[in-house]
Amino acid sequence: MPKHRDLPDITLSLLFICLMSIMCLWILKPFIISFTWGSMIVITTWPLFLKIQRVLWKKRLLAVLVMALTLILVFIIPIILLINSVIKNSSLLMIWLNTRHFESPQLYWLNTIPIIGQKFYLYYHDLVDASGKTLLAQLQPYAGRTTSFVLSQAKHLGRFMIHLGLMLTSSVCLYWYGDKIGENIQCFAVTVSPKYGQSVLVLGIQAIRAVSCAIVITGCAQGLLGGIGLSISGVPFATILTVVMIFSCLVQLGSLIVLIPAIIWLYWTGDNTGGTVLLIWSVLLSALETVMRSFLIKKGIDLPIILILVGIIGGLLSFGMIGLFIGPVVLSVSYRFILSWIKKYPIFYDNDNILIDQSKMKK
């Protein structure tokens with residue numbers, strides 16, 4: 001007969017477990033962001049890693065070296081070059097903003113527009129003469145201050161570089177011990193919930209891969225393509241604007257938040273050709289982004305797109321950049337379980353280890 005545990009014994013045991021858990025989290029706090037970043041990369045690229053390992057005579061060491069070099073080429077070197085370029089351009093931007101005297105363009109081309117062109121031209125000049133120059137004169141002193149504030153945040157650069165190195169280290173460790181770690185996580189999930197543990201695990205992996213492909217890859221590609229359009233159109237400080245555009249795409253604000261002001265600026269300065277080119281480029285880029293995101297999300301996981309996007313935005317606002325993955329995973333798992341509970345059927349697997357519903361299975 002097992003010995004009956006009294007209330008003080010249970011309470012002290014629970015307090016000890018909670019204390020140890022808090023201490024472990026406190027000790028690991030500096031590494032959580034880096035490890036989570038590396039985990040997202042490894043989960044997303046694990047199928048590719050297995051294919052590379054099979055090609056390289058099933059040698060785990062060679063496959064890990066290839067993936068490590070790939071991460072360095074894809075993440076480390078471009079980020080370092082990008083940071084270096086941003087720092088150099090930020091200095092030039094501060095000098096440009098502090099010394100430049102803003103003058104409103106004449107926009108003579110408005111007169112060439114039939115019927116309404118001359119009216120718009122006169123209205124524009126009345127507006128500029130009345131308040132436009134005064135407004136620009138008032139805003140100019142704050143431009144230098146804003147740039148100085150941005151540059152003052154460079155002290156966080158060292159911390160970011162440390163996270164970058166830890167991300168690479170954790171990714172290499174996860175590639176090397178991925179099989180054992182995966183088995184332990186699977187055993188833990190099944191122990192916690194024998195019925196749904198495996199389903200939750202696979203669904204979480206699918207959600208992470210869907211977000212990585214549809215949001216991160218699409219956002220970076222859209223930002224880089226937008227940066228190419230800025231460079232072709234002759235917009236100054238295209239590198240800084242490209243960085244802003246990539247971040248804007250990752251947080252789901254889109255590239256137009258940068259491209260539209262750039263188009264307006266080109267027309268404002270009289271560069272009609274550059275403005276038209278960037279306008280056409282922006283329209284094509286927005287259409288391409290919508291198609292790519294929808295295709296990649298549906299390819300990664302068969303869930304409503306609005307659910308994934310809400311999870312991304314909500315997770316980002318609640319948890320920061322890591323919330324890009326936490327939000328969609330939580331909402332995806334919750335959606336599956338609520339749907340399963342409402343329709344009274346459990347979750348099963350097919351031969352490809354992909355989640356399917358019993359109601360969709362052939363009888």
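## Reading burial, helices and a pocket

Trainee: How do I read burial here? Does isoleucine 240 count as buried or exposed, and why?

Mentor: Compare relative accessibility with a cut-off. Under 20% means buried. Isoleucine 240 has 14% relative accessibility, so this residue counts as buried. Keep in mind that the model is predicted.

Trainee: Which helix holds isoleucine 240?

Mentor: Isoleucine 240 is found in α7, which covers residues 238-250. The helix has 13 residues. From first C-alpha to last, α7 reaches 18 Å, close to the 18 Å expected at 1.5 Å a residue.

Trainee: Which residues of α7 are buried?

Mentor: Start with the general idea. An α-helix has 3.6 residues a turn, so residues three or four places apart point the same way. Now the case here. The buried residues of α7 are Ala238, Ile240, Thr242, Met245, Ile246, Ser248, Cys249 and Leu250.

Trainee: How far apart are isoleucine 240 and leucine 82, in sequence and in space?

Mentor: In sequence, 158 residues separate isoleucine 240 and leucine 82. In space, their C-alpha atoms are 8.9 Å apart. Look also at contacts across the protein. Of those between residues at least 6 apart in sequence, 65% join residues at least 24 apart.

Trainee: What about serine 233: buried or exposed, and why?

Mentor: Serine 233 is buried, because its relative accessibility is 6%. This serine is found in α6. Neighbours within four places in sequence aside, serine 233 is in contact with Leu266, Asp271, Gly274, Val277 and Leu278.

Trainee: Now the whole protein. How many helices and strands does the protein have?

Mentor: Eleven helices and two strands. Buried residues make up 33% of the 363 residues. The accessible surface comes to about 23,000 Å², and carbon and sulfur atoms hold 73% of that area.

Trainee: How do I read a pocket? What volume does the second largest pocket have?

Mentor: Rolling a probe the size of a water molecule over the atoms shows where empty space is left. The second largest pocket has a volume of about 1,400 Å³.

Trainee: Which residues lie nearest the centre of this second largest pocket?

Mentor: Ile43, Gly182, Ile185, Leu201 and Ile205, out of 39 lining residues. By class, the lining has 24 nonpolar, ten polar and five charged residues.

Trainee: Which helices each supply at least two residues of that lining?

Mentor: α1 (7-55), α5 (178-192), α6 (197-233) and α11 (323-343). The largest share, twelve residues, comes from α1.

Technical notes. Residues are numbered from 1 along each chain as its sequence is written. This is a predicted model: local features need pLDDT of at least 70, side-chain atom pairs count only at pLDDT 80 or more; totals for chains, interfaces and linings use all residues. Side-chain values use heavy atoms; hydrogens and water are left out. On a 1 Å grid over the protein atoms alone, a cavity is a set of points where a 1.4 Å probe fits but cannot get out, and a pocket is an open set with protein on both sides within 12 Å along at least five of seven lines; lining residues have an atom within 4 Å of a point. Grid points are joined across faces, edges and corners, and a volume is the space filled by probe spheres set on the points. Helices (H or I, at least four residues) and strands (E, at least two) are DSSP runs, numbered from the N terminus. Ala, Val, Leu, Ile, Met, Phe, Trp, Tyr, Cys and Pro count as nonpolar, Asp, Glu, Lys and Arg as charged, and the others, Gly among them, as polar. Buried means under 20% relative accessible area, exposed over 50%, partly exposed in between (1.4 Å probe, protein chains only). Contact means heavy atoms within 4.5 Å. Accessible areas come from the Shrake-Rupley method with a 1.4 Å probe; for residues, only the protein chains shown count as cover. The expected span of a helix is 1.5 Å times one less than its number of residues.
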